[in-house]
Amino acid sequence: MAATSPPAPPTPPPGRPPVAPVVRAPSRSGRMLAAGALVVVVLLVAVLVLGGGGGADYALVLPDAGQLVNGDQVQVGGVPVGTVKKIELTPQNKARVTIHVNSSLTPLHTGTTVQIRVPSLSGVANRYIALTPGPNNHPSISAGSTLPTSDINQVVDIDQLFNIFNAKTRQGLKNVVQGSAAQYQGAGPQLNTSTKYFNPALTATDHLFAELTRDQQVFTSFLVESSKALTTIAAHKDSLSSLIGNANTTFKAIGDQQTSFGQGLKQLPVALQQGNKTFAQLVPTLAALRQLVDVSKPNTKTLGPFFARLRPLLSEATPVLHNLSQAVTQPGSNNDLTDAAFALPGLAKALSSGSPHAVDALRQSVPVTAFFGPYSPELQGFVRDFGQGASYYDANGHYARITPAFDDFTLDSNNNLTPTDPAQGLAGLRTSQLRRCPGSGAASTADGSAPFTDAGQLSCDPTQKP
C-alpha cells in the first residue's frame with residue numbers, strides 16, 4: 001500500500017512575508033454546552049458509585065449468623081456483587097441476614113443457592129456469602145423475599161469438623177500436626193525445592209496412567225490376572241503371616257548383629273583377597289582330589305561288607321558306651337568318675353597331712369614291694385586256683401590236704417622197679433630256688449619277655465628254673 005503525504009502549504013510569493021494563521025476564540029454557547037456535558041458525566045458517575053446502581057435486597061434465615069458481620073461481601077464466582085446490610089434476631093432465636101445484590105444480577109431466579117464460606121483456614125472471623133444465581137428461564141424472586149432454607153448451606157468451622165472425632169482421635173491428629181511441624185522445622189528451603197517437582201511428578205503420573213489405559217484389553221487382562229494372583233495369595237494368608245513373622249524375627253536378629261556385620265564388612269576385602277589366592281590354588285587341588293577319587297573307587301567296593309559287619313558291633317557297643325558315659329559323667333554330685341578324679345587331690349592332701357609316718361613308710365617300702373609286682377599273676381593264680389585244684393570237699397566246702405610224694409622206686413635198664421633208700425628219693429629235689437624271675441616256668445621267648453627281668457631292675461636270677 002502506498003502512503004500519501006499531506007499537501008504542503010502554499011509557498012508565499014517571493015518578496016512577501018508569510019502570513020500567520022487566524023485563531024478564532026470559542027463562542028459563549030459552546031462553552032456552556034461543554035460545561036453542561038461535564039456536569040452530566042459527574043452526576044452519572046455519582047449515581048453509579050454512590051447510589052449503588054439500584055439492585056434488590058433479599059433475606060436469609062439461618063440457625064446462626066456464622067460469624068457474619070455487616071459489610072461482608074456477597075460474591076459470585078469470586079467477584080463482589082453485593083454486601084451484607086443487616087443481621088437481626090428472629091422471635092424463633094434464629095439469625096435473619098439481609099443482603100443487597102447489585103442490579104446487574106437482579107432479579108434473582110428460583111434455583112439460586114447461597115453458601116457461607118471462609119476465605120482460608122488461617123482466618124477465624126472473616127466470612128463471605130457465595131451466591132450461585134439460578135437459570136434466567138426460571139421464575140424470578142421478587143425483591144425483599146426470603147430465600148428458601150433448603151438452598152442455603154452454612155459454613156462448617158474447623159472446630160465442628162474435629163468435634164466429630166473422639167478425644168483419642170483428636171489427640172492423634174494433634175500429634176500428627178505437631179510431628180509434621182517438627183519434621184519440616186528448618187527444612188523449608190528443601191520443602192520448597194521438592195514442591196517445584198510436584199507438578200512434573202503429577203504430569204509424569206498422568207502420562208503413566210494414560211499409557212496404562214491406552215490398551216484397555218491388555219490392562220483388563222492384567223487386572224484380571226492380578227486379581228487371580230491376589231486370590232491365590234489370600235488363600236495362603238496363614239502361611240504368609242508365618243513367613244512375615246519369621247522374616248521379622250530374622251531381620252530383628254540381623255539388626256541386633258549390626259556391629260558384627262560392620263566388622264565383617266571391614267574384613268571382607270581381606271577375605272576376598274585370600275579367597276582369590278585360595279581359588280587360584282584350587283584347580284591343582286581338585287585335580288589331585290580327582291586322582292584320589294579315581295584311586296579310591298576300587299576300594300569303595302569293600303566298604304559295603306565292612307559297614308555291614310560294623311553295624312552289629314556298633315549296636316552292641318552303644319549300650320556299653322552309654323554305661324561308660326554314665327560312669328564317667330552323670331548329673332548330680334559324687335556319683336561318677338569325674339567327681340572321683342576331682343576328689344583325688346583333696347584325698348591325697350588329706351592323706352599326706354593326716355598320716356605322714358604311714359606315707360613315709362609306704363614310700364620307703366616301695367623298693368621292697370616292687371620286687372613282688374611282677375609276681376602278681378602268679379600270686380593271684382595261686383590264691384584263686386589253690387583251693388580248687390589241690391583240695392577236697394566236705395560239708396563246709398573246700399579243704400586243703402598236703403601230701404608229700406617221694407621217689408620210692410627207680411627204673412633200671414631192664415625196666416624193672418627197684419626200691420630206693422630215703423637219700424636216693426630226695427636226690428632229685430632242688431633247694432635254694434628262691435630268686436626265680438617271673439615267667440621262668442615257661443619256655444624262654446625270643447624277645448626276652450620270659451623270664452621277665454624288667455631290664456635288670458628285678459633282683460632275680462633268670463637262670464633259675466623250677
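A: Start with pairing. Two strands pair if DSSP finds at least two bridges between them. The model is a predicted one. In it, the bridge partner of V114 in strand 9 is I152.

Q: What makes strand 6 and strand 9 a pair, and in which sense do they run?
A: The criterion is at least two bridges. Strand 6 and strand 9 have two bridges, in the parallel sense. They therefore count as paired, since the cut-off is at least two.

Q: How do you know that strand 6 also pairs with strand 7, and is the sense parallel or antiparallel?
A: Strand 6 (residues 113-117) and strand 7 share five bridges. The sense is antiparallel. V114 stands opposite L131 in strand 7, and T113 stands opposite T132.

Q: Why are strand 1 and strand 9 called edge strands?
A: The open sheet has seven strands in the order 1-4-3-2-7-6-9. Its pairing is mixed. Strand 1 (56-62) and strand 9 (152-153) each pair on one side only. That is what puts them at the edges.

Q: What makes strand 7 mostly covered?
A: Four of its five residues are buried. Buried means under 20% relative accessible area.

Q: Which residues of strand 6 form the covered face, and which the uncovered one?
A: V114 and I116 make up the covered face of strand 6. T113, Q115 and R117 make up the uncovered face.

Q: What makes a set of residues a nonpolar core, and which residues have the most contacts inside the largest one?
A: The members must be buried, nonpolar and joined through side-chain atoms within 4.5 Å. The largest such core has 19 residues. Those with the most contacts inside it are Y58, L60, V97, I99, V114 and I129. Strand 1, strand 3 (79-89), strand 4 (95-101), strand 6 and strand 7 each give two or more residues to this core. Strand 1 has the largest share, with four residues.

Q: Which residues is V97 in contact with, leaving aside its neighbours within four places in sequence?
A: V97 is in contact with Y58, A59, L60, L62, L68, V84, K86 and I87.

Q: Which residues does the second, separate core include?
A: This core has five residues, including F371, Y375, C437 and L458.

Q: How do you know that C437 and C460 form a disulfide?
A: The S to S distance is 2.0 Å. The cut-off is within 2.5 Å, so the pair qualifies. A search of the whole structure finds one disulfide.

Q: Why is the disulfide of C437 and C460 called right-handed?
A: The torsion about its S-S bond is about 100 degrees, so the disulfide is right-handed. C437 and C460 both lie in the segment after helix 13 (422-425), so the pair ties together parts that are 23 residues apart in sequence.

Q: Are C437 and C460 buried or exposed?
A: Both C437 and C460 are buried.

Q: Why is T420 called buried?
A: Its relative accessible area is 17%. Buried means under 20%, so T420 qualifies. T420 is found in the loop between strand 13 (417-419) and helix 13. Not counting residues up to four places away in sequence, T420 touches D407, D408, F409, T410 and G425.

Q: How many of the residues in the protein are buried?
A: Buried residues make up 11% of the 466 residues.

Q: What describes the packing of helix 4 and helix 5?
A: Helix 4 (residues 188-196) and helix 5 (residues 198-214) pack at an angle of about 35 degrees. Their axes are 4 Å apart. S194, T195 and K196 of helix 4 meet F198, N199 and P200 of helix 5. These contact residues divide into two nonpolar, three polar and one charged.

How values were computed
Residues are numbered from 1 along each chain as its sequence is written. This is a predicted model: local features need pLDDT of at least 70, side-chain atom pairs count only at pLDDT 80 or more; totals for chains, interfaces and linings use all residues. Side-chain values use heavy atoms; hydrogens and water are left out. Axes are lines fitted to C-alpha atoms, for helices over the stretch in contact, and angles run from 0 to 180 degrees between N-to-C directions. Contact means heavy atoms within 4.5 Å. Ala, Val, Leu, Ile, Met, Phe, Trp, Tyr, Cys and Pro count as nonpolar, Asp, Glu, Lys and Arg as charged, and the others, Gly among them, as polar. Buried means under 20% relative accessible area, exposed over 50%, partly exposed in between (1.4 Å probe, protein chains only).
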